[in-house]
Amino acid sequence: MLVLTRKKGQSLVIGRDIRVVVVEVTGDFVRLGIEAPPEVAVFREEIYRDVQEENRTALVTRELAARLRAQVENKNEKATRK
């Protein structure tokens, strides 16, 4: 981890096209401005974790729904054959 000291108005650059600017420092809080291309997603970490968890849940739900659908179709085929 790179640890830097920056003052209000100072910035740092990540790669060629991401810039992080210290906008304001008030007590224990630091406001940051982030300039990044539109194709770069920028999230607060807690939101990013929530999105990842929702994606995992959706994937499991989709897989379970596909299995259930396959079981129902299998039962319907067996019933039709009788």
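Helices (H or I, at least four residues) and strands (E, at least two) are DSSP runs, numbered from the N terminus. Two strands count as paired if DSSP finds at least two bridges between them.

The model described here is predicted: local features need pLDDT of at least 70, side-chain atom pairs count only at pLDDT 80 or more, and totals for chains, interfaces and linings use all residues. Residues are numbered from 1 along each chain as its sequence is written, and side-chain values use heavy atoms, with hydrogens and water left out.

**The sheet**

Strands of a sheet pair through backbone hydrogen bonds, either parallel or antiparallel. In this structure, three strands form an open sheet in the order S1-S2-S3, with antiparallel pairing. Strand S1 (11-14) and S3 are the edge strands, each pairing on one side only. From one strand to the next, the twist averages 25 degrees; axes are lines fitted to C-alpha atoms, for helices over the stretch in contact, and angles run from 0 to 180 degrees between N-to-C directions.

Seven bridges join strand S2 (residues 18-26) to strand S3 (residues 29-35) in the antiparallel sense. Arg 19 has Glu 35 in S3 as its bridge partner, and Val 20 has Ile 34 in S3. The hairpin of S2 and S3 has two residues between the strands, and Gly 27 in this hairpin takes a positive phi near 60 degrees.

**The nonpolar patch**

Patches are made of residues with over 30% relative accessible area and no salt bridge; like charges are joined within 9 Å, and nonpolar side chains (Val, Leu, Ile, Met, Phe, Trp, Tyr) within 5 Å. Accessible areas come from the Shrake-Rupley method with a 1.4 Å probe, and for residues only the protein chains shown count as cover. Val 25, Val 30, Leu 32, Ile 34, Val 40 and Val 42 form such a nonpolar patch on the surface, together exposing about 500 Å² of accessible area. S3 contributes its largest share, three residues.

**Salt bridges**

A salt bridge is a side-chain nitrogen of Lys or Arg within 4 Å of a carboxyl oxygen of Asp or Glu. Five salt bridges are found in the whole structure, including those tabulated here.

| Salt bridge | Closest N and O atoms |
|---|---|
| Arg 31 and Glu 24 | 3.4 Å |
| Arg 44 and Glu 46 | 2.8 Å |
| Glu 45 and Arg 49 | 3.7 Å |

Glu 45 and Arg 49 are four residues apart in helix H1 (residues 45-81), and are therefore separated by about one helical turn.
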